[in-house]
Amino acid sequence: MNADLRMLGIAPGGDAGALLARMEALPGPPMALLRAGGVAALMQEAEAPAQALLLARDRAGLLKRLAALQRRLEAGCMAGPFLPADPGAATLPAETWPALLAAQAEAAARALADHGGTHQWDVILRWSPDSVLGPARGALQGLGRAAMAATVSGLLAEARMARLAALRAALTGRVLAVAEAAPVAEDTAVGLTVRVPAGGEAAIEAALFAMPGELTADVAADLRGPLPPLSFAAARVAAVPADAIDRAWSLLELPDAVAPAELQRRWRGIAGRLHPDHTGPEADPGRFAEAAEAYRLLHSLAGAGEVRRAALVGRDACRLLLPEAL
């Protein structure tokens with residue numbers, strides 16, 4: 001294995017061996033399995049940074065690599081519960097991964113249970129410009145070039161906004177979530193990325209049928225999926241500056257060494273005093289939020305054993321960011 005490993009995602013530990021074989025059968029770098037608690041991380045050797053390929057003007061090589069990575073992520077998605085990792089934020093030195101995953105095995109298992117059984121789909125609607133401009137042909141006659149261009153642009157924009165609003169309204173309540181970023185940017189197309197339970201694409205089809213007929217008569221629908229829910233729930237690695245660890249330690253008023261149970265006890269005591277619902281004089285929503293983040297940070301770095309301040313403070317670290325509970 002290379003010095004760096006990229007995490008592709010997290011799966012239940014019991015089924016991970018079969019999933020590893022399925023993913024490694026697809027084109028791509030060699031893979032490995034890292035187990036912690038009841039979960040397993042699917043890893044692959046990190047390749048040269050994408051910037052290197054861009055500098056070498058190897059666009060074809062970059063696209064080939066991205067396609068191979070996408071196929072492996074889709075294989076994990078289709079195999080069953082699978083929490084994907086953000087491909088752009090999940091690469092670390094190989095020796096760093098075991099402790100990082102062990103420290104958050106329980107949290108990873110919860111995130112997998114909450115999010116691993118969902119898929120995302122791109123829902124795209126396309127139509128011909130003639131379906132919008134044809135009925136307005138009479139109004140366009142006699143206009144100058146600039147006026148015609150502005151009118152055509154306005155008509156196309158109006159059609160996009162109407163269809164997008166209708167699509168969003170039809171999907172709301174039928175799917176688990178709708179992403180902010182649109183999957184398409186064209187004059188005669190609109191799209192939304194949605195999240196549904198695995199096998200729940202019938203809800204998307206029901207939404208399309210529920211749209212007003214006058215907005216869909218000349219429209220073709222393109223459904224792309226199932227895809228891993230990267231737009232909604234992806235694991236990421238984040239750098240933790242040394243001063244953030246120092247502040248968190250001081251905020252929770254911890255001794256020089258603390259076991260996970262004691263860390264939790266200290267957090268609960270402080271949370272009880274600072275919680276906004278508490279009637280005492282120390283209740284403070286801002287400080288409560290800071291203390292909660294401090295606890296999450298130190299808990300993610302502590303692992304299963306005692307954690308010492310001297311081992312963390314004064315050096316940069318990293319943590320695994322997991323999606324919040326549904």
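## A charge over a ring

A charge sits over a ring if NZ of Lys or CZ of Arg is within 6 Å of the ring centre and within 35 degrees of the ring normal. R163 meets this rule, lying over the face of W127 at 4.5 Å from the ring centre.

## Basis of the model

This is a predicted model, in which local features need pLDDT of at least 70 and side-chain atom pairs count only at pLDDT 80 or more, while totals for chains, interfaces and linings use all residues. Residues are numbered from 1 along each chain as its sequence is written, and side-chain values use heavy atoms, with hydrogens and water left out.

## Salt bridges between strands

The count of salt bridges (a side-chain nitrogen of Lys or Arg within 4 Å of a carboxyl oxygen of Asp or Glu) comes to seven. In one of them, the side chains of D222 and R126 meet with an N to O distance of 3.8 Å. Helices (H or I, at least four residues) and strands (E, at least two) are DSSP runs, numbered from the N terminus.

D222 is partly exposed at 27% relative accessibility, and R126 is partly exposed at 27%. Buried means under 20% relative accessible area, exposed over 50%, and partly exposed in between (1.4 Å probe, protein chains only). A network of salt bridges links R126, E186, D222 and R224.

E262 forms a salt bridge with R265, with the closest N and O atoms 2.8 Å apart. The two residues are three apart in helix 12 (residues 260–274), which is about one helical turn. E262 also forms a salt bridge with R266, again with closest N and O atoms 2.8 Å apart; these two are four residues apart in helix 12.

E262 is partly exposed, at 23% relative accessible area. R265 is exposed at 51%, and R266 is partly exposed at 26%.

## Aromatic pairs

The structure holds two aromatic pairs. Rings of Phe, Tyr and Trp (its six-membered ring) pair if their centres lie within 6.5 Å; planes under 30 degrees apart count as stacked, over 60 as edge-to-face and the rest as tilted. W267 and F288 form a tilted pair, 5.8 Å centre to centre with 35° between the planes. W267 is in helix 12 and F288 in helix 13 (residues 285–302), 21 residues apart.

W267 and Y295 form a stacked pair, 5.5 Å centre to centre with 10° between the planes. Y295 also lies in helix 13, so its pair with W267 ties together parts that are 28 residues apart in sequence. W267 is buried at 14% relative accessible area, and Y295 is buried at 12%.
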